[in-house]
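This report describes selected features of one protein chain. Please examine the sequence and the structure before reading on.

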Amino acid sequence: MPKLKVIVGSTRPTRSADKVLPWVLAQAERHGAFEVEVLDLRDWRLPFFQEHMGSIGDFADPTYSEPIVRSWNHKVAEGDAYLILTAEYNHSVPGELKNAIDSVFVSFGFRNKPIGFVGYSIGVAAGSRAVEHLALIAIEGEAVPLRNTVLIPFVGEAFDEAGEPNDPATGIALGITLDDLAWFANALGRARAEGELAPGTFRARAATAEAAASDD
Ligand SMILES: Cc1cc2nc3c(=O)[nH]c(=O)nc-3n(C[C@H](O)[C@H](O)[C@H](O)COP(=O)(O)O)c2cc1C
């Protein structure tokens, strides 16, 4: 069964994420296609990014600057699919979320795996600008960002007392996102098992070295 990691990208006290997460988690588990685990960045207090070639050590099993960064890279690499809950801070993603994604460094943990998004905000924007940025960030992480997303406007009033969304479209959107995540997790899991191309940066370096050698 594919492993779905639900990443919670806001950590501040009183966060609205706590209105969204219980419902998302319940739906992801009820969907039935995944083994679900929450990766709450409150539980993953990563240092601000400080990796460099000296902190990496062995590329095949990097050391990193601190043990928690190494554990984070291993934990992310376990996943077959990801669902990221993101608030919108100044029209983009929370800094801690960006830092957590940047911290997946040289392990290629997200590579060739699908990422879905749940955006929310207190206003009408619903986290849409954060989700747009996340899709671009995910591409650079060599992940496969999904087109279909969940956007929750006016998050303070978006859930009833039972924790269910007031707008039925919210539940429909999450159902579609989970279906897409399951389909891509299975399709890309099969493809990865058949064999992956080396990362483009490695291939470019090898091709450049080969071209330079043939010039000698
Ligand atoms: C630093 C900061 C920047 C924000 N920028 C935006 C914004 O650009 N667009 C928006 O719709 N809401 C913005 N908000 C309001 C958030 O939507 C609202 O605070 C929401 O509860 C954040 O999610 P969280 O509580 O889970 O962190 C911002 C909030 C903070 C703290």
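## Proline 2

In this predicted model, proline 2 is partly exposed, because 19 C-beta neighbours lie inside 10 Å and a residue counts as buried only at 20 or more. Proline 2 is placed in the segment before β1 (3-8).

Proline 2 and phenylalanine 34 are 32 residues apart in sequence, yet their C-alpha atoms are 5.2 Å apart in space. Leaving aside residues up to four places away in sequence, proline 2 touches several others, including Phe34, Asp80, Ala182 and Gly189.

## Helix α1

Helix α1 comprises 15 residues, 17-31. At 1.5 Å a residue the helix should span 21 Å, and this agrees with the 21 Å between its end C-alpha atoms.

Within α1, the residues Ala17, Val20, Trp23, Val24 and Ala28 are buried. They lie on the same side of α1, because they cover an arc of only 145 degrees around the axis. The exposed residues Asp18, Pro22 and Arg30 are on the other side of α1. The buried residues of α1 pack against several elements, among them β1, β2 (35-40) and α6 (168-194). Just after α1, glycine 32 takes a positive phi of about 90 degrees.

## Aspartate 58

Aspartate 58 is located in the loop between α2 (53-56) and α3 (67-78). This residue is exposed, as 7 other C-beta atoms lie within 10 Å. The C-alpha atoms of aspartate 58 and alanine 125 are separated by 43 Å.

## The ligand

The ligand is surrounded by 14 residues, and the closest are Ser10, Arg15, Ser16, Ala87 and Ser121. The shell consists of five nonpolar, six polar and three charged residues.

Definitions and conventions: Residues are numbered from 1 along each chain as its sequence is written. This is a predicted model: local features need pLDDT of at least 70, side-chain atom pairs count only at pLDDT 80 or more; totals for chains, interfaces and linings use all residues. A residue is near a molecule or strand if its C-beta atom, placed from the backbone, lies within 6 Å of it. Ala, Val, Leu, Ile, Met, Phe, Trp, Tyr, Cys and Pro count as nonpolar, Asp, Glu, Lys and Arg as charged, and the others, Gly among them, as polar. Helices (H or I, at least four residues) and strands (E, at least two) are DSSP runs, numbered from the N terminus. A residue is buried if 20 or more other C-beta atoms lie within 10 Å of its own, exposed if 12 or fewer, and partly exposed in between; C-beta atoms are placed from the backbone. Two residues are in contact if their C-beta atoms, placed from the backbone, lie within 7 Å. The expected span of a helix is 1.5 Å times one less than its number of residues. The arc is that of the directions from the helix axis to the C-beta atoms.
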